[in-house]
Amino acid sequence: MHWLWAIIVGFVLGLLAKAILPGKQHSPLWLLTIFGMIGAILGNVIAEALGIAETRGIDWGRHALQIVAALIVVGLGEMLYMAVRGDKKQRA
C-alpha cells in the first residue's frame, strides 16, 4: 500500500505545484505525478535533516517543505520537458 500512497501524494503535490506556478505547464499528468513524488521525497529528506519530520499531530513543517520541493521540481522539470519535447514539436 505504500506505493499507492506515494502515487496519490505525488499526484496531489504535482497538481498543487502546477496550480501555484505562474503560466501554463505542458507536462502530462503522469510526469507531474513523478515530479510530485520526487518533491515529496526531497521534502521528507529536508524535514528529517531539520528534525521536524515527526511531530505531534499534523506535520505542517514537513508538508510545507514537500510543497516547496514539489514547486521547485515541477518548475525545473517543466523547463527540461519543454527543452526536450518542445523542440520536437516545432520541427514536426
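Colleague: Let's start with leucine 15: which helix is it found in?

Modeller: Leucine 15 is part of helix 1. Keep in mind that this is a predicted model.

Colleague: Is leucine 15 buried, partly exposed or exposed?

Modeller: Buried would need under 20% relative accessible area, and exposed would need over 50%. Leucine 15 has a relative accessible area of 33%, so it counts as partly exposed.

Colleague: What does the fold look like as a whole?

Modeller: Count the elements, then read their order. There are three helices and zero strands in the chain, giving the pattern α-α-α along the sequence. The C-alpha trace spans about 55 × 25 × 20 Å along its principal axes. Take contacts between residues at least 6 apart in sequence: 62% of them join residues at least 24 apart.

Colleague: How much of the chain is buried, and what does the surface consist of?

Modeller: Buried residues account for 29% of the 92 in the chain. The accessible surface is about 6400 Å², with 73% of it belonging to carbon and sulfur atoms.

Colleague: Which residues of helix 2 are buried?

Modeller: First the general idea: an α-helix has 3.6 residues a turn, so residues three or four places apart point the same way. In helix 2 the buried residues include Leu32, Phe35, Gly36, Gly39, Ala40, Gly43 and Ala47.

Colleague: Last one: how do I read the largest pocket?

Modeller: Rolling a probe the size of a water molecule over the atoms shows where empty space is left. Here the largest pocket holds about 310 Å³ of space. It has 14 lining residues, with Trp5, Val9, Leu13, Ala40 and Gln66 nearest its centre. Helix 1, helix 2 and helix 3 each supply at least two residues of that lining, and the largest share, six residues, comes from helix 1. By type, the lining has nine nonpolar, four polar and one charged.

Key: Residues are numbered from 1 along each chain as its sequence is written. This is a predicted model: local features need pLDDT of at least 70, side-chain atom pairs count only at pLDDT 80 or more; totals for chains, interfaces and linings use all residues. Side-chain values use heavy atoms; hydrogens and water are left out. On a 1 Å grid over the protein atoms alone, a cavity is a set of points where a 1.4 Å probe fits but cannot get out, and a pocket is an open set with protein on both sides within 12 Å along at least five of seven lines; lining residues have an atom within 4 Å of a point. Grid points are joined across faces, edges and corners, and a volume is the space filled by probe spheres set on the points. Helices (H or I, at least four residues) and strands (E, at least two) are DSSP runs, numbered from the N terminus. Ala, Val, Leu, Ile, Met, Phe, Trp, Tyr, Cys and Pro count as nonpolar, Asp, Glu, Lys and Arg as charged, and the others, Gly among them, as polar. Buried means under 20% relative accessible area, exposed over 50%, partly exposed in between (1.4 Å probe, protein chains only). Contact means heavy atoms within 4.5 Å. Accessible areas come from the Shrake-Rupley method with a 1.4 Å probe; for residues, only the protein chains shown count as cover.
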